[in-house]
Amino acid sequence: MPFDKNIKVPNEEEYLNCIRCGLCLAVCPTYREYKNETDSPRGRVALARKSLEDELILSPNLVDKMYSCFACLACNDICPVGIKPADIAMEMRNVAEQVKPSGWKNTLFGKVIAKPDTMELSTWPLRVYENIGLRWLVHKLRINKIFPKQLRDLEGMLPKQPKKPLRHALPLISRANNESKYRVGFFLGCAQSLMFSEESAATVRVLNRNGCTVITPKATVCCGMPAAGYGRQDLVIEHARTNIAIFDKEDLDVIVTDCATCGSKLREYGDILNKDPEWAERATLFSGKIRDISEFLMSIPLEKPTGKFDARITYHDPCHLRRAQKVWKEPRALLQMIEGVEFVELPEADWCCGSAGSQLITHYETSTHVLNRKMDNLKSTEAEIITSGCPGCQMQLMTGIQREGLNVKVMHPIQILDLAYEAKDEDK
Amino acid sequence: MDQQIITKLEKIVGMKGVLTSPEDLAVYSYDGTFEECNPDIVVLPENSDQVSKIVELASQTRIPIVTRGMASGLAAASVPFSGGIALVLTRMDKVIELDLENAIIHVEAGIVTADLQAFVEKYGLFYPPDPSSIRHSTIGGNIACNAGGPRCLKYGVTGDYVLGLTVVLANGQILKTGGKVIKDVVGYDLKSLFTGSEGTLGVITEALLRLTVKPKYAKTALVEFASIEDASRTVDEILLAGIVPATLELMDQTAINCIEKAMNLGLPTDVAAFLLIESDGVELESTIQEIEAIGHICSKTGATKVSIAKDEAERANLWKARRSISPSLARLAPNKLGEDITVPRSAIPEAIKRLKEISNKYGLPIVIFGHAGDGNLHPNILFDKRDPEQMKKVEQMVAEEFKIALELKGTLSGEHGVGTLKRPYMKGALGEVSIGIQKQIKQVLDPFNILNPGKVLPD
């Protein structure tokens, strides 16, 4: 082993049994773009193994290959042996970060994003998309040049920003409209609060309408996904403890989130802390309560909207929802129960859109190609609205739609349900 | 690799088509086996002309060329043991022409076989060969290894669909052989020579493939037997009745136990063998009739249970056992070595009996399944390569497996190919005369021995 004993590395069992069949190549968005083994899951597993077995040094190029993974998890799902190449890529980022920490990551993921106050204060990631911030980030992420087209795309990606973050607008407790049947914790994600506040406002309205008293703690910190993506597992653990402690104070039936990414990370807390005697049990309990909004709504006697919502609608599966949380039937069922909705299945609905957090910034070209595939599929549906319960996917879809000049709206499935409820109210 | 040569290669394919970093070389060192060896450089061309120039350069400088697609091969045929150029055709993945009237498709070698299949199916056409690597192998690789698959019993192997090939010869010349005709007896059948040649005679860059009409319906039966002899007799009876099912898959008790151990599907472990039989057709009624006739034959030849799927969900369920074999193998041991010996159909019971004896003799499990209709068996030895003693045993066991195949008048490999792993057994399988003539063919087509050197033929 070429690394110091203190450095946490993947277990041998995680990579040794790769039989190199190559099935993961078939489903990998980066391989399918470049048709190059180095950008494939099997390639990344081989590189990880060779670096851990001291056959290759942990070079910047090798680490880059770990960052070229979009973490869509398609390889994890398809591997006949149970190898999780996407997880290994993530763990290797963490190894690299332990061997050679980058100070800026500490600032960005440990200080700025982690705490809602500082984040809102510096309005990250909003400001990041302004030229100066973006250039700074691009420089830090070791991108040599940024193209004018890329800047335009990035700016186009920004949704209309709310006047103030939803975190401030939402009360701590939003009572059920009628009889309260469930006490529901709401984990309000950063992107949802800062950029898609209308969606999360709709989430709370729909929950209230369906007998849920919603508790939205304000002191929650980032779910940890961005830090994980940049190799700072240590910060993820910190975030996990903070968030668990906050929700522990409330007596809740479930904890709901309307962000696919947050949901997938929150569900991992139990695994992340399973060796920590002080936290293991609490973390498992916490993760066991996490529900995606569509998953939760379809599990309770849901009020069927009698109002109509006339539109041809399709649905894009966020990787963090379909593969990380195995939630894919529910959002579809939710949309299909609404009268007037003409639901059309998106071809390759679960193929990554290319957002993958910040890949549009860090891996612009690949991200764009992957997005083109999604846009071609979207065009074939002739849908007026594409829905998806993930802010990253939504921003990416908006970018693609703007670039292609399509007349398609991007929405969260919950918004359609909310509007259908309101349509009924108007009828009255 | 000499910088001058790198520069020349970059001129031919562009900067993005030449890879030299230690990381790139490391991931082009392996295929679907546990063998590995780094190439000196990786080149990804985009058309036949570029391939021609690369091979010409390699020929002048005597650099070995190992052609590969997605490297899912199971015989280490595309592992570059002599270094040199790893010539990767995955970026040559275009459909050049789909000729609907003649039902012929012209493709580049790097197209993923499943993509090709999906493409023609949009037009109601069908490309039948279905190697289990269909999603992660290219048509070029399939042709170079003459790949098979479960459906080959009824539809034939890859080579049966090759009407023409574009091949870059060892001196860089581009050979076009065959064409859009089904019958063609003018000159030697060169396309058949290159089919299955594992990159040792030329670089296949394009192919003309024959297509057929997509069968709309499929009906599936899973049949249980108390003895392997009954299962084998059933296969004979079905085929002798004039019925050719699309697939006739055999799972021996070792496979059933292996699946149960790893997956807990609730399969009966006291059954000696399963046959998974599928009929397909363009009409529903005839497809149903066929599977019912098969069910009838099975019940007369000693089947203990016949389950015919009523709908798509049940069909998927019946296939579940077969599809679970590979994942199960991987879960039971760190490593597996799967061979694909082929014996005359009637020798299947004897082959299985002897394979079990080998397993007992060496104390390592052999899991047996295969394509019963064509006598192609897949014995998989389970082992741990970290244990040198086991590795030694595996080597001896493989040799004995091949001995069985040859003694029963069969052959070393039905569909995986020879590559590196089966080279030591070639002489026994083919004899001096055949090896001699094959060496002469190789000498004529590749005088400097730069095309996949050290593969297929023994020294």
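**Aromatic rings**

I started with the rings: Phe187(A), Phe247(A), Tyr269(A) and Phe286(A) are linked into a cluster by ring pairs. For the record, rings of Phe, Tyr and Trp (its six-membered ring) pair if their centres lie within 6.5 Å, and planes under 30 degrees apart are stacked, over 60 edge-to-face, the rest tilted. Before going on I noted that this is a predicted model, where local features need pLDDT of at least 70 and side-chain atom pairs count only at pLDDT 80 or more, while totals for chains, interfaces and linings use all residues. Residues are numbered from 1 along each chain as its sequence is written, chains are lettered from A and ligands numbered from 1 in the order in which they are written, and side-chain values use heavy atoms, with hydrogens and water left out.

I searched the whole structure and got 10 aromatic pairs over all chains. One of them is Tyr182(A) with Phe296(A), edge-to-face at 5.7 Å centre to centre and 85 degrees between the planes. Tyr182(A) sits in strand S2 (residues 182–186) of chain A and Phe296(A) in helix H19 (residues 293–297) of chain A, so this pair ties together parts 114 residues apart in sequence. Helices (H or I, at least four residues) and strands (E, at least two) are DSSP runs, numbered from the N terminus. Phe296(A) is buried at a relative accessible area of 4%; buried means under 20%, exposed over 50%, partly exposed in between (1.4 Å probe, protein chains only).

Next I looked at Tyr269(A) and Phe286(A), which are stacked, 5.3 Å centre to centre with 15 degrees between the planes. Tyr269(A) belongs to helix H17 (residues 260–272) of chain A and Phe286(A) to helix H18 (residues 280–289) of chain A, so the pair joins parts 17 residues apart in sequence. Both Tyr269(A) and Phe286(A) are buried.

**Chain A overall**

I count 25 helices and 9 strands in chain A. Of its 428 residues, 61% are buried. I also checked contacts (heavy atoms within 4.5 Å): among those in chain A with a separation of 6 or more, 78% come from residues 24 or more positions apart.

**Cores**

I looked up the nonpolar cores, meaning sets of buried Ala, Val, Leu, Ile, Met, Phe, Trp, Tyr and Cys residues joined through side-chain atoms within 4.5 Å. The largest has 54 residues, and Leu47(A), Met66(A), Ile88(A), Met92(A), Tyr28(B) and Val42(B) touch the most other members. Elements supplying at least two residues each include helix H4 (41–52) and helix H7 (85–99) of chain A, plus strand S4 (85–88) of chain B. A second, separate core holds 49 residues, among them Ala231(B), Ile297(B), Ile352(B) and Leu377(B).

**Two spot checks**

Val236(A) is in helix H16 (residues 233–248) of chain A and is buried at 0% relative accessible area. Skipping residues up to four places away in sequence, I find that Val236(A) touches Gly224(A), Ala227(A), Ala228(A), Lys265(A) and Ile272(A).

Ala144(B), in helix H5 (residues 139–144) of chain B, is buried at 14%. Beyond neighbours within four places in sequence, its contacts are Gly196(B), Ser197(B), Glu198(B), Gly199(B) and Ile204(B).

**A bent helix**

Last, I checked helix H15 (residues 426–445) of chain B: it has 20 residues, but its end C-alpha atoms are only 20 Å apart, short of the 28 Å a straight helix would reach at 1.5 Å a residue. That expected span is 1.5 Å times one less than the number of residues. H15(B) has a kink of about 85 degrees centred on Glu432(B), with the bend taken as the angle between axes fitted to the seven residues ending there and the seven starting there. Its buried residues are Met426(B), Ile435(B) and Lys442(B).
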